[in-house]
Amino acid sequence: MKYLGYYNGTYGPLEEMMIPMNDRVCYFGDGVYDATLARNGKIFALDAHLDRFYNSAGLLKMEVPYSREELAEILKSLLKEMDDSEIFVYWQLTRGTAIRIHSFPEPPSKPNLWIMLKPGSLAAPSKTMKLITQEDTRFLHCNIKTLNLIPNVMGYQKAHEAGCDECVFHRGDIVTECSSCNISILKDGVFITHPTDHYILPGISRMHLIEQCKKLGVPVDERPFTVKEMMNADEVIVSSSSRLGLIASEIDGQPVGGKATDLWKKVQLSYFERFKKATE
């Protein structure tokens, strides 16, 4: 199958799936999600993605009606229905189905599980990214992977219209993250990345890059950094589950990075090899 959809136990071609209008996602975006890549029938870093998914649900006071093992089994079983060997795996949980009202439904409704699978593969490690910057006007719960992504969508669209790949958010002088990725820098041999507070999503690839740096003896400094520091960095690194880790070559039309190529290639290669070994 090319595009597969799932809703509360029913699955089939994505274009044939139907949902009730009163699913709270339709009115409020009331839910959480997660996503990763699969290759050769194996879902990459599934445990880490499930950790984040269950944490996000808990922060929104949502109880996932499946154990971790049950949800993992559902995802793996759906993966077997796909024809391609490289797949993008997406799942989300909404608060349930109820007549529109801002407060939680009373009595509580059972959360709804959505899953979508489609062909998807890693970006080539040689790809470099062009970025733009924009003031971060999002709310103060960016650590929760919710479905409320309009500012992210608008930022990404702005980058797309400018012929760029991503939009870098900053609050005042402090860089937070991109519209769909984390952003880090290399400076003087140190990997610098914003701490996992409520201003950024705790990215799985960001976490993995930190782990790879530590294995390779590259110092890691989890601290906020400024737009000026980013522009003057030896390398600017954009990370996500579909990119793992790529460098930026341009921000707001100005060339950046290119000063720590050998060090970055060492870290990047170790991470891409980690992905390949986990999905062989």
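I began with arginine 39 in this predicted model and looked up its bridge partner in β4, which is lysine 42. I then went through the pairing of the two strands, and found that β3, residues 31–39, is joined to β4 by 2 bridges and that the two run antiparallel.

Next I looked at helix α3, residues 68–79, which packs on the sheet and touches β1 (4–7), β2, β3, β4, β5 (86–94) and β6 (112–119). For its direction against that of β6, I noted an angle of about 35 degrees.

I followed the strand order across the open sheet and wrote it down as β2-β1-β6-β5-β3-β4, 6 strands with antiparallel pairing. The edges are held by β2 (10–13) and β4 (42–43), each of which has a single partner strand, so one side of each is left without a neighbour in the sheet.

I turned to the backbone, keeping in mind that most residues other than glycine have a negative phi, and that most peptide bonds are trans. In the loop between β3 and β4 I came to asparagine 40, which has a positive phi of about 55 degrees although it is not a glycine.

Last, I checked the loop between β5 and β6, where proline 107 is placed, and recorded a cis peptide bond between glutamate 106 and proline 107, with omega about -5 degrees.

Technical notes. Residues are numbered from 1 along each chain as its sequence is written. This is a predicted model: local features need pLDDT of at least 70, side-chain atom pairs count only at pLDDT 80 or more; totals for chains, interfaces and linings use all residues. Side-chain values use heavy atoms; hydrogens and water are left out. Two strands pair if DSSP finds at least two bridges between them. Helices (H or I, at least four residues) and strands (E, at least two) are DSSP runs, numbered from the N terminus. Contact means heavy atoms within 4.5 Å. Axes are lines fitted to C-alpha atoms, for helices over the stretch in contact, and angles run from 0 to 180 degrees between N-to-C directions.
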